[in-house]
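Visitor: Could we go through this structure together? I would like to begin with the aromatic residues.

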Amino acid sequence: MEAVFEWTSRAIQNGDGESMTESDRNEGLNRFLIPKGDAVLKNLMIPSERESMVVGKEGLEVLVLDRLGRGYMLWLKKWKSGAVVFNGPKWREFVRDNGWTVGKFPVQLWAFRYGEDGRLGFVLLDRKEGEVLKP
């Protein structure tokens, strides 16, 4: 059985100023705010995935990979304010494992589909100065 792993889009890129902020690393907030999340993600998601994100629902469980390919199961949610976030207990682990404890730096979010059922997943990367990231 061959695994399906298809890149769908670079969802956000930090050439336009999107950065990991102090609030994204705050353990009390326990979330990553996806810049322009609703607009960015709507074309990447199928209707059932969008429905899972509706305010008041649990959210959509998604795999988020880091720079080293480590996987973290997080919830993709839409808040009443309209903000779209990754959250869940594994977010703190993601931040600690990647050493994202201080500073403000650019990030990139890539989307992909994987598995026989084409589940939605993401890669969230910090971009080092001068580095160009490609799938």
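Visitor: Phe-32 and Phe-86: buried or exposed?

Guide: Phe-32 is buried, and Phe-86 is buried as well. Buried stands for under 20% relative accessible area, exposed for over 50%, and partly exposed for what lies in between (1.4 Å probe, protein chains only). Please note that this is a predicted model, in which local features need pLDDT of at least 70 and side-chain atom pairs pLDDT 80 or more, while totals for chains, interfaces and linings use all residues. Residues are numbered from 1 along each chain as its sequence is written, and side-chain values use heavy atoms, without hydrogens and water.

Visitor: How many aromatic pairs are there?

Guide: The count is seven aromatic pairs. Rings of Phe, Tyr and Trp (its six-membered ring) pair if their centres lie within 6.5 Å; planes under 30 degrees apart are stacked, over 60 edge-to-face, and the rest tilted.

Visitor: Why is the pair of Phe-32 and Phe-86 stacked?

Guide: The pair is stacked because the planes are at 20°, with the ring centres 6.5 Å apart. Phe-32 belongs to strand S3 (residues 31-33) and Phe-86 to strand S6, so this pair ties together parts 54 residues apart in sequence. Strands (E, at least two residues) and helices (H or I, at least four) are DSSP runs, numbered from the N terminus.

Visitor: And what about Tyr-72 and Phe-94?

Guide: Tyr-72 and Phe-94 form an edge-to-face pair, at 4.9 Å centre to centre and 65° between the planes. Tyr-72 is in strand S5 and Phe-94 in helix H4, 22 residues apart. Tyr-72 is buried at a relative accessible area of 2%, and Phe-94 at 0%.

Visitor: Which residues do the ring pairs link into a cluster?

Guide: The cluster consists of Phe-32, Tyr-72, Phe-86, Trp-91, Phe-94, Trp-100 and Phe-122.

Visitor: Changing topic: which residues of H4 are buried?

Guide: In helix H4 (residues 89-97), the buried residues are Trp-91, Phe-94 and Val-95. They lie on the same side of H4, because they cover an arc of only 95° around the axis, taken from the directions from the helix axis to the C-beta atoms.

Visitor: What follows H4?

Guide: Gly-99 follows H4, and its phi is positive, near 65°.

Visitor: Which members of the largest nonpolar core touch the most others?

Guide: Among its 25 residues, these are Leu-76, Phe-86, Trp-91, Phe-122 and Leu-124. Such a core is a set of buried Ala, Val, Leu, Ile, Met, Phe, Trp, Tyr and Cys residues joined through side-chain atoms within 4.5 Å. A second, separate core has seven residues, including Leu-63 and Trp-110.
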